[in-house]
Amino acid sequence: MPVHYPFSAVLGCEADTLDDMGLALVLTAISPEIGGVLVRGEKGTAKSTTVRALAGVLPPVEVYAGDRFSVDPTDPAAVSPDGPFPGEVETRGARLVELPVGASEDRVVGSLHLERALSQGRVEFEPGLLARAHRGLLYVDEVNLLHDHLVDLLLDAAAMGWVSVERDGVSVEHAARFVLIGTMNPEEGELRPQLLDRFGLTVEVVAPRDPAVRVEVVRRRMAYEADPPAFVARYMADDDALTARIEAARERVAKVRLTAPALLKIAEVCAAFEVDGLRADIVTARTAVAHAAWAGRDEVTKADIRRAALLALPHRRRRNPFDAPGLDEDLLDQLLGDDELPPEPPEGPPPGEEPGGDGEAEADGSSSSEGGDADDATDGSDASEAPVAPDDGGSVDRADDAPDGGPDGGPDGGPDGGCVAATTTGSGTAYRPRLLRVDGLGAGSAGRRSRALASSGRRVGARPGSNGALHLVETLKAAAGRQVARKGLDRLDHSGGLDQPGGLDRAGRVVLAPEDLRVAVREGWEANLVLFCVDASGSMAARKRMTQVKTAVLSLLLDAYRRRDKVGLVTFRGSEAEVALPPTHSVDAAAARLEALPAGGRTPLAEGLLEASRVLLRERLRDPRLRPLLVVVTDGRATGGKDAVALSQQAAAYVGGLGVTTVVVDSESGPMRLGLAQRLAVLMGAEHLPVAEVSAEALTGAVGRAA
């Protein structure tokens with residue numbers, strides 16, 4: 001077995017100096033009810049190393065020998081589908097179960113044991129990864145690339161601590177109490193906000209910038225690779241101390257008091273940061289209790305609430321998929337205040353209290369209440385007076401502060417096309433766009449845009465093989481046509497059995513062979529590559545027009561985010577085109593590039609189309625299954641040099657010959673229109689879509705008026 005890197009050897013994971021990632025992992029190990037940890041960070045920041053090392057410091061568990069579901073022998077309510085057991089108990093280390101990104105639902109939750117069902121006629125349940133992870137760790141690397149329905153399934157199991165399987169004639173329930181940990185690189189795409197909220201804690205990890213720290217990281221890693229056993233032995237005492245402290249915190253967590261003032265303060269913090277729902281309050285409270293147990297306290301303090309809020313709230317404040325998660329620590333400190341939490345008031349007067357004492361207690365209580373109201377008012381005023389960043393639409397240079405340089409808002413008449421400074425205009429409020437789909441039936445990765453053959457969806461047929469969900473009816477049909485031939489080849493022996501496999505027994509039952517197996521063919525939805533080719537020339541630089549165009553593209557980007565697409569951005573202005581963003585799953589990056597997109601200069605339409613074609617061809621070589629959707633945003637003008645119109649027509653015909661589904665978003669506006677973008681769409685064999693009709697509501701209204 002491989003020797004994992006010690007947890008305490010990771011910088012920031014020492015017991016007394018835990019950083020955010022180390023603390024979040026430890027707290028979730030103490031109290032799995034928190035709901036798991038999502039670790040976000042750039043590549044090469046020891047995310048996977050730290051998670052795998054955590055299993056080494058978890059306390060060992062006791063299980064029944066031969067129990068595939070790892071129930072706790074000391075828990076009389078714990079029942080295993082494999083039970084009952086004779087009583088033999090063994091101790092083993094907590095498991096680290098890794099869930100591959102390409103795992104199927106059968107592999108995760110378990111399913112019918114196919115081999116025994118076919119060979120022995122027995123209905124037996126084969127446990128999945130959730131059963132194996134019970135009382136241990138379930139680790140999903142690149143969780144943002146996991147199918148959404150699997151992420152939903154994992155988070156439901158982590159929150160409930162229980163799995164119910166009803167499929168393939170099998171009905172099984174078993175415990176699944178595990179620490180769920182996911183890691184991801186935001187550059188490869190984001191989780192949907194609904195799924196992001198389901199993770200209890202989230203931490204951001206970045207590489208250290210201090211050269212001395214980086215040197216120490218390299219030194220430790222090289223020492224580990226040179227002699228892993230010796231390196232692990234050097235940190236064994238520290239890991240053992242961590243294990244003992246985690247075990248002690250697990251025993252203490254049920255005894256930690258969460259007082260009414262502490263719970264009220266948690267509610268005030270969550271309300272001030274405008275989180276959605278009540279999950280944030282619950283997770284923050286559980287995390288604060290776990291932190292108090294880790295610190296050796298019997299009661300939750302403001303320090304516990306502060307650390308819990310920093311881990312549980314940042315990813316729940318997101319209002320837009322393109323807003324970076326974060327928490328205003330100054331506002332948090334203002335809400336918590338400098339004073340310690342007041343003691344919890346008694347439920348009633350002590351027995352035998354004199355009436356005068358009741359009055360004094362009432363007076364004291366009213367004084368305390370007034371003090372509490374004053375504190376609450378102060379907290380509320382601090383929250384309401386917190387500084388808010390001005391919403392300037394993301395613009396760097398407003399168009400009305402700089403000359404347009406041309407009769408149509410751009411310097412088209414200039415000799416060089418680039419002598420006028422470009423302007424940058426922000427986008428407006430995004431809206432729900434019209435759904436754009438790729439023609440035909442694909443076979444790409446799961447998504448929500450275009451039709452495709454997929455592992456989930458409606459059943460449309462069957463195919464030979466064993467990789468996938470068994471189609472029982474088609475399997476029996478395939479076997480039925482071969483039974484006569486097999487009966488002639490096989491002979492029954494005197495004991496009533498078969499002397500060769502692949503025939504009929506005396507009872508006339510069908511015997512299946514591997515070539516009979518059929519799996520279901522399903523039609524679902526796939527993700528696509530959405531490549532935007534945006535005209536940023538002077539003819540598009542009029543402030544109102546460019547704002548409209550950016551808003552439309554931003555709305556389409558939001559749609560691509562929700563549909564799990566890969567996106568890219570090509571822009572053209574002046575005398576050349578450039579790939580502003582190579583195809584990526586990080587739609588956030590595309591939105592940021594779009595906001596900072598300058599406009600001005602001539603219109604090299606041909607260069608833009610050819611650059612887009614080069615990107616499409618490269619992506620086709622990288623992933624032939626990823627079908628592209630090209631969205632060209634332009635008014636159709638071509639002013640980028642000599643013979644610009646003829647070259648743009650040739651480029652349009654070339655792109656049209658690539659067989660790529662293309663949409664031309666026509667940005668031309670005003671009473672006098674030349675219709676150049678519509679002609680361009682005809683040359684490319686593309687759909688022509690006026691920018692005003694990108695909105696789904698606008699399209700619905702137009703259809704209603706026509707009716």
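Begin by colouring by pLDDT, which is the predictor's confidence in each residue, from 0 to 100. The protein chain averages a pLDDT of 79, and 79% of the residues score at least 70. Select residues 489–504, where the pLDDT is below 50 although this stretch has 30 contacts in the model beyond near neighbours in sequence, a contact meaning heavy atoms within 4.5 Å. Residues 702–707 also stay under 50, and for them the model has zero contacts beyond four places in sequence. Where pLDDT is low, the predicted coordinates should not be read in detail.

This is a predicted model, in which local features need pLDDT of at least 70 and side-chain atom pairs count only at pLDDT 80 or more, while totals for chains, interfaces and linings use all residues. Residues are numbered from 1 along each chain as its sequence is written, and side-chain values use heavy atoms, with hydrogens and water left out.

Next, select the open sheet of three strands, whose order is β13-β15-β14 with antiparallel pairing; strands are DSSP runs (E, at least two residues), as helices are (H or I, at least four), numbered from the N terminus, and two strands pair if DSSP finds at least two bridges between them. Because β13 (446–454) and β14 (458–464) each have a single partner strand, they stand at the edges, with one side of each left without a neighbour in the sheet. Six bridges join β14 to the antiparallel β15 (residues 518–526), and G461 stands opposite V521 in β15.

Finally, select I282 in helix α12 (residues 279–295). I282 and I34 are 248 residues apart in sequence and 8.4 Å apart in space, C-alpha to C-alpha.
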